[in-house]
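Open the viewer and keep the selection panel at hand. The stops below say what to pick and what to look for.

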Amino acid sequence: MESNKQQFQAKTVTLGISGASGAQYGLRLLSCLLAADCKVYLLLSRAAEVVIATETNIVLPPSGQENSLQQQQDFLSELYGAKEGQLTLFSREDWFSPVASGSSSPASMVICPASGGTLSSIASGASNNLIERAADVALKERRQLIVVPRETPYSEVHLENMLKLTKMGVVVLPASPGFYAKADTVEDLIDFIVARILDQLDLPQDLMPRWGES
Ligand SMILES: Cc1cc2nc3c(=O)[nH]c(=O)nc-3n(C[C@H](O)[C@H](O)[C@H](O)COP(=O)(O)O)c2cc1C
């Protein structure tokens with residue numbers, strides 16, 4: 001039987017982090033995907049960088065400067081212990097990246113967290129940045145797309161977009177952790193959501209006991 005390790009080395013996931021609150025969900029997911037031996041294509045929106053700076057203690061090398069993409073990729077690779085070639089960060093307009101075409105994009109994409117703006121762009125097929133284009137590709141190719149919206153309350157626009165995406169086969173997995181696991185820390189609440197995403201991706205996880213397990 002194929003070992004888990006062999007299986008996961010083969011899996012590539014596109015991870016888009018947009019500018020909704022809850023950057024920690026996306027960063028924790030990144031670290032879990034790397035730990036599970038996945039290859040990760042990472043896409044950060046401009047607003048995501050602002051949210052990361054606002055909500056976390058992580059100081060990403062600033063974007064928009066010479067070599068900044070490579071610096072950010074190196075920084076995140078070191079922070080989360082990525083192996084050589086395991087993590088690739090693409091720029092927001094890299095239309096030549098594998099995620100921008102159905103001929104080369106991975107089977108699974110997660111947008112975590114997903115802003116209302118990004119949800120709207122995907123629902124309307126705007127494709128104005130690489131997250132939106134990669135999601136558009138996932139939709140047209142009928143590939144796995146998981147979005148993790150974070151907003152409260154939801155407007156009719158948000159709800160309509162989520163329904164539209166659901167009807168297209170997208171998994172809408174809101175960043176609303178359950179409290180029945182008796183979380184002690186914020187990290188436990190983050191892991192609640194990340195565990196659900198890893199389950200959707202069919203990756204093993206033991207971030208928390210499952211319902212019915214002690
Ligand atoms: C600290 C911070 C928190 C934010 N939280 C949310 C949020 O929870 N949900 C949301 O839809 N937008 C939120 N926004 C606004 C988005 O970042 C903004 O609409 C942006 O244009 C989204 O762009 P993007 O989808 O390309 O990342 C937040 C912005 C900041 C700076």
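This tour goes from the ligand to the nonpolar cores and ends at one serine. Keep in mind that the model is predicted.

**Stop 1: the ligand shell**

Select the ligand and the residues around it. The shell holds 13 residues. Gly19, Ser45, Ser115, Gly116 and Thr118 are the closest. Colour the shell by residue class: 4 are nonpolar, 7 polar and 2 charged.

Helix 3, residues 46-55, and helix 5, residues 116-124, each supply at least two shell residues. Helix 3 gives the most, with 3 residues.

**Stop 2: ligand oxygens**

A backbone N or O atom of Gly19 sits 2.6 Å from a ligand oxygen. For Ser21, a backbone N or O atom is 3.0 Å from an oxygen atom of the ligand. Ser45 uses its side chain: a polar atom there lies 2.6 Å from a ligand oxygen. Taken alone, the ligand exposes 640 Å², and the protein buries 65% of that.

**Stop 3: the largest nonpolar core**

Select Leu15, Leu29, Leu33, Leu42, Val110 and Ile197. In the largest nonpolar core, which has 39 residues, these touch the most other members.

At least two residues each come from strand 1 (12-17), helix 2 (23-35), strand 2 (39-44), helix 3, strand 3 (87-90), strand 4 (108-114), strand 5 (144-149) and helix 8 (186-200). Helix 2 gives the most to this core, with 8 residues.

Centre on Ile197. Leaving aside residues up to four places away in sequence, Ile197 touches Leu29, Val110, Cys112, Ile146, Val148 and Leu173.

**Stop 4: Ser108**

Select Ser108, in strand 4. Is Ser108 buried or exposed? Ser108 counts as buried because its relative accessibility is 4%, and the cut-off for buried is under 20%.

What does the side chain of Ser108 make a polar contact with? The partner is the side chain of Gln144, at 2.7 Å. Not counting residues up to four places away in sequence, Ser108 touches Lys11, Thr12, Val13, Thr14, Gln144 and Leu201.

How values were computed
Residues are numbered from 1 along each chain as its sequence is written. This is a predicted model: local features need pLDDT of at least 70, side-chain atom pairs count only at pLDDT 80 or more; totals for chains, interfaces and linings use all residues. Side-chain values use heavy atoms; hydrogens and water are left out. A residue is near a molecule or strand if one of its heavy atoms lies within 4 Å of it. A polar contact is a pair of N or O atoms within 3.5 Å; within protein, one must be able to donate a hydrogen and the other to accept it, and residues adjacent in sequence count only if both atoms are side-chain atoms. Accessible areas come from the Shrake-Rupley method with a 1.4 Å probe; for residues, only the protein chains shown count as cover. Helices (H or I, at least four residues) and strands (E, at least two) are DSSP runs, numbered from the N terminus. Ala, Val, Leu, Ile, Met, Phe, Trp, Tyr, Cys and Pro count as nonpolar, Asp, Glu, Lys and Arg as charged, and the others, Gly among them, as polar. A nonpolar core is a set of buried Ala, Val, Leu, Ile, Met, Phe, Trp, Tyr and Cys residues joined through side-chain atoms within 4.5 Å. Buried means under 20% relative accessible area, exposed over 50%, partly exposed in between (1.4 Å probe, protein chains only). Contact means heavy atoms within 4.5 Å.
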